[in-house]
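Biologist: Please put the model up. I would like to go through the ligand site.

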Amino acid sequence: MSGVSAEPAAVQPGATHSDARMLAHEVIEFLIVHALHPSPINYAVAYEYRMGGDAALNARIDTHLAADKRLDDLLMRELYDEHLAIEQFRNLRGLGGSLQELVDGLIGDISEAGEHASGFHSTVENNISLLKRRNDSEAVTAIASDLLAATAKVHTSNATLKARLDSADQEARKLRDELERHRREALSDPLTGLLNRRGMEYHLDELAVSGAREPLSVVVLDIDHFKRINDTYGHAVGDVVIRHVAKVMRTAVCAEDVTVRFGGEEFVILMPRRSLEEAEALAESIRIKVERLRLIRRQDKLALDPFTVSLGVASRHDDEAFDGIFERADKALYAAKNSGRNRVLTELALD
Ligand SMILES: Nc1nc2c(ncn2[C@@H]2O[C@H](COP(=O)(O)OP(=O)(O)OP(=O)(O)O)[C@@H](O)[C@H]2O)c(=O)[nH]1
């Protein structure tokens with residue numbers, strides 16, 4: 001399993017320890033051959049590759065290796081996010097199961113309480129008809145104690161139900177918070193807190209429902225010569241630069257705009273109901289703010305060289321789908337890079 005894919009030897013239930021050991025061995029061998037850290041994410045991707053369960057993931061790795069490119073942590077993280085993080089959604093399904101159990105328990109309690117209440121009702125009815133027929137004090141005392149016992153039973157059953165409802169309420173709140181946390185994690189980029197590509201797709205689905213024919217502008221941004229920043233100051237500083245660019249974008253956009261870390265040093269802004277000119281103006285304001293950033297490396301107070309970004313902008317034509325708009329914005333970005341970087345070009349600059 002050193003490079004291109006090999007025949008998967010799936011570890012099925014019932015497989016021997018030695019099968020499992022061999023598989024683990026091959027996965028680790030893969031990490032060593034490709035000089036990858038034995039991190040959980042790298043291991044998970046290499047394992048999935050070895051198992052061959054996701055043809056798209058295997059194709060990405062094979063194409064990368066066939067082009068003589070190195071696998072690195074960033075690519076592995078990207079593959080993990082795109083192909084394996086779906087596991088998080090499976091966890092959500094697990095949580096749904098707990099909620100179902102909770103609801104089933106409650107339904108049981110409520111019907112039990114209902115039975116007690118209707119039992120109480122018939123006890124009262126019977127006793128009233130007895131009272132109408134009898135008027136000696138012994139009988140009245142017996143009827144009164146019967147009623148008292150029935151009341152106590154309903155009271156206990158109601159108190160139990162209330163306690164169960166209280167704890168179910170707490171449990172439901174906990175589950176809801178956990179669901180929300182999983183959803184947020186699955187849709188956002190941990191470095192910048194912006195949406196990731198999956199988060200963008202989620203928003204695009206929502207936009208498709210709410211405003212397929214509404215105007216939509218798209219800005220694509222890429223940090224210029226980012227490799228040079230990494231090479232000069234190190235990867236950690238590169239990460240800080242990414243975070244600062246994300247912050248500039250976040251503070252420049254309006255509440256309705258959707259800001260996305262598309263991957264690596266590339267970002268996207270979706271701008272519903274905004275014209276090409278409005279999107280171009282926003283892109284230009286971001287370009288200027290980034291150009292003016294002055295960052296100082298904390299450990300040695302070294303002032304980093306200023307850096308810049310290039311941006312491409314496009315807007316929806318008629319009721320076209322997102323892919324067409326994105327493609328023109330990306331071409332405009334490419335043109336901005338080719339014509340000197342540190343600039344905004346719109347689709348109008350394309351032939
Ligand atoms: N620090 C850091 N680097 C990253 C991250 N994601 C991608 N990179 C690096 O970003 C660099 C992207 O470089 P290139 O796509 O070659 O382009 P560039 O140097 O930005 O140059 P131009 O786009 O042509 O201006 C690569 O060296 C990646 O390793 C990240 O999350 N953190």
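Modeller: A backbone N or O atom of Ile223 lies 3.3 Å from an oxygen atom of the ligand, a polar contact in the sense of a pair of N or O atoms within 3.5 Å. This is a predicted model, where local features need pLDDT of at least 70, side-chain atom pairs count only at pLDDT 80 or more, and totals for chains, interfaces and linings use all residues. Residues are numbered from 1 along each chain as its sequence is written, and side-chain values use heavy atoms, with hydrogens and water left out.

Biologist: How far is a polar backbone atom of His225 from an oxygen atom of the ligand?

Modeller: His225 is among the residues that come nearest to the ligand; near means a heavy atom within 4 Å. The distance from its polar backbone atom to the ligand oxygen is 2.8 Å.

Biologist: Which distance does the polar side-chain atom of Lys337 have to an oxygen atom of the ligand, and what percentage of the ligand does the protein bury?

Modeller: For Lys337, the distance is 2.9 Å. Taken alone, the ligand exposes 670 Å² (Shrake-Rupley method, 1.4 Å probe). The share of that area buried by the protein is 71%.

Biologist: Which element gives the largest share of the shell around the ligand?

Modeller: Strand S1 (216-223), helix H8 (226-233) and helix H9 (235-252) each give two or more residues to the shell. Helices here are DSSP runs (H or I, at least four residues), and strands are E runs of at least two. The largest share, 4 residues, comes from H9.

Technical notes
A polar contact is a pair of N or O atoms within 3.5 Å; within protein, one must be able to donate a hydrogen and the other to accept it, and residues adjacent in sequence count only if both atoms are side-chain atoms.
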